[in-house]
Amino acid sequence: GGWRLPFAFGALIVPIGIYIRSKLREPDLFASRSGDGAPKPTGMRRAGRPLLLACGILAVYATAGNVLFVYMPTYAVHELHIPASQTLFATVVATCVMVVCTPPLALVSDRIGRRPLFLLGAAGFLLLTYPAFVILTNWPRAASLVIVQSGFGLLVAIYAGPLKAALAELF
């Protein structure tokens, strides 16, 4: 039960935040653009498509990350009976692959555009997830897990490279 206390204390701040916000004056730049301070419906309509696109981009990223960092190690331990220490090692190697490869792939996305990398990463997830689990099921070894997870780490890097810039550009 004690883990709930920080959330209860956090909820107590909400009325204070609302009161403080109600007493602040809008910045001149915002007030001059929005008139009465309310968002204009046309602005919301224009933001609808980018918002849906951003949600889709993030859904693919979250799904890929969960397959790589949550489901695959759990599957390896519980179904393939690979020791947890070896599974953790494979996940660390895959994380290192992702961390090392993401910045250069972000630079590549600056040169060739975001879309090709998003398509390559998403296609890779779609086409390689099933074969990756077939490989692991047929060769349930730590080495197979390292190779498969590292491949997925590279796919996540391909997708993550352009991610932040693409989201900023959408809005």
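I take contact to mean heavy atoms within 4.5 Å. With that settled, I looked up the contacts in the protein chain between residues at least 6 apart in sequence, and found that 83% of them join residues at least 24 apart.

Before going on, I note that this is a predicted model, in which local features need pLDDT of at least 70 and side-chain atom pairs count only at pLDDT 80 or more, while totals for chains, interfaces and linings use all residues. Residues are numbered from 1 along each chain as its sequence is written, and side-chain values use heavy atoms, with hydrogens and water left out.

**Whole chain.** I counted seven helices and zero strands, taking helices (H or I, at least four residues) and strands (E, at least two) as DSSP runs numbered from the N terminus. Of the 171 residues, 29% count as buried, where buried means under 20% relative accessible area and exposed over 50%, with partly exposed in between (1.4 Å probe, protein chains only).

**Helices 4 and 5.** I looked up how helix 4 (residues 84-112) packs with helix 5 (residues 114-138), and found an angle of about 125° with the axes 7 Å apart; the axes are lines fitted to C-alpha atoms, for helices over the stretch in contact, and angles run from 0 to 180 degrees between N-to-C directions. The two helices are therefore oblique to each other, since angles under 35 degrees count as roughly parallel, over 145 as roughly antiparallel, 65 to 115 as roughly perpendicular and the rest as oblique. On the side of helix 4 the contact is made by L105, A106, V108, S109, D110 and I112, and on the side of helix 5 by R114, P116 and L117.

T91 lies in helix 4 and counts as buried because its relative accessibility is 13%. Leaving aside neighbours within four places in sequence, I find T91 in contact with F69, P73 and Q149. V146 belongs to helix 6 (residues 142-160) and is also buried, at a relative accessible area of 18%. Not counting residues up to four places away in sequence, V146 touches F89, A90 and V93, and its C-alpha atom is separated by 8.1 Å from that of T87, 59 residues apart along the chain.

**Helix 7.** In helix 7 (residues 163-170) I find L163, A166 and L167 buried. Seen down the helix axis, these buried residues fall within an arc of 100°, so they line one face of helix 7; the arc is that of the directions from the helix axis to the C-beta atoms. The face turned away from the buried side carries the exposed residues K164, A168 and E169.
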